Amino acid sequence: MVLEIVTYGHPALRAKGKPIEAVDEHIRQVAQDMLETMAAAQGVGLAAQQVGLPLQLFVIDIRGVENRPSAMWVNGRRTNPEADMPMVLLNPEIETMGKGEAGPEGCLSFPGVQGDIVRPARVRLRATGLDGEAIAFEAEGLLARAIQHEYDHVQGILFIDRMAPSLRQKLRPEIEAVFEGTRRATQGPLVR
Ligand code: ZN
């Protein structure tokens, strides 16, 4: 089932995710729905917070993005990241490496907002898969960027927090337009 993606201003986006203790039927269904939602929105990643759930869970799919290559290593051996897509990652932990690299980013919770964000070029990820299996790999390129973006989401951190102040200032009208759209669509309190 395709879920509604909440937009900037919705309090779920600022909630730190709770660790997932056990994969039950509910978690399986959430993960499946998030994969369908990401695909329908043609997104590269989607965090549980974006469908209103404060959980340590995100999904990633870097396939089909032109001119944005990804690289992946498992136990130090280069592998083909597309073969592992889409990914469901529970209770992720990351370590970043390498110098900062600027690259374009958008976010399904910020329609119409896009800009270059500096992030470390390489990331090491550890997480658990839906079947309880340990997942560990290193990534560069689009996959490294997507993992850092989604990891931030499950901590309640948004890409606007990572923007250079000058860029955030420049995009202020677009960001405020999203916030106002959320206000019109949402009953209850909003959070910046
Ligand atoms: Zn996002």
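Colleague: At what relative accessibility does Arg 162 count as partly exposed?

Modeller: This is a predicted model, in which local features need pLDDT of at least 70 and side-chain atom pairs count only at pLDDT 80 or more, while totals for chains, interfaces and linings use all residues. Residues are numbered from 1 along each chain as its sequence is written, and side-chain values use heavy atoms, with hydrogens and water left out. A residue is buried under 20% relative accessible area, exposed over 50% and partly exposed in between (1.4 Å probe, protein chains only). Arg 162 counts as partly exposed because its relative accessibility is 41%.

Colleague: With which side chain does the side chain of Arg 162 make a polar contact?

Modeller: Arg 162 is found in the loop between helix H2 and helix H3 (165-170); helices (H or I, at least four residues) and strands (E, at least two) are DSSP runs, numbered from the N terminus. A polar contact is a pair of N or O atoms within 3.5 Å; within protein, one must be able to donate a hydrogen and the other to accept it, and residues adjacent in sequence count only if both atoms are side-chain atoms. At 2.8 Å, the partner of the Arg 162 side chain is the side chain of Asp 152.

Colleague: Is Asp 152 buried or exposed?

Modeller: Asp 152 lies in helix H2. Contact means heavy atoms within 4.5 Å, and Asp 152 touches Arg 119, Ile 157 and Arg 162, leaving out residues up to four places away in sequence. Because its relative accessible area is 5%, Asp 152 is classed as buried.

Colleague: Which residues are the protein donors of the zinc ion?

Modeller: Donors are N, O and S atoms within 2.8 Å of the metal (3.2 Å for Na, K and Ca), and sites may look incomplete because water is not among the atoms. In sequence, the donor residues of the zinc ion follow the spacing C-x41-H-x3-H. At 2.0 to 2.2 Å from the zinc ion lie its protein donors, Cys 107 (SG), His 149 (NE2) and His 153 (NE2).

Colleague: Why are His 149 and His 153 separated by about one helical turn?

Modeller: His 149 is buried, with a relative accessible area of 7%, and His 153 is buried at 1%. The two histidines are separated by about one helical turn because they are four residues apart in helix H2 (residues 142-154).

Colleague: How many residues does H2 give to the lining of the largest pocket?

Modeller: On a 1 Å grid over the protein atoms alone, a pocket is an open set of points where a 1.4 Å probe fits, with protein on both sides within 12 Å along at least five of seven lines, and lining residues have an atom within 4 Å of a point. The largest pocket holds about 350 Å³ of space, a volume being the space filled by probe spheres set on the points, which are joined across faces, edges and corners. Of its 19 lining residues, the closest to the centre are Val 44, Gly 45, Glu 105, Gly 106 and Cys 107. H2 gives the most to this lining, and its contribution is six residues.

Colleague: To which backbone oxygen does the side chain of Ser 109 reach?

Modeller: Ser 109 is found in the loop between S5 and S6. Ser 109 is buried, with a relative accessible area of 0%. At 2.8 Å, its side chain reaches the backbone oxygen of Val 6.

Colleague: What is the phi of Asn 67?

Modeller: Most residues other than glycine have a negative phi. Asn 67 lies in the loop between S2 and strand S3 (70-74) and counts as exposed at 73% relative accessibility. Its phi is positive, near 60°.

Colleague: What is the omega of the cis peptide bond that joins Met 85 and Pro 86?

Modeller: Most peptide bonds are trans. Pro 86 is found in the loop between strand S4 (77-79) and S5. For the cis bond that joins Met 85 and Pro 86, omega is about -10°.
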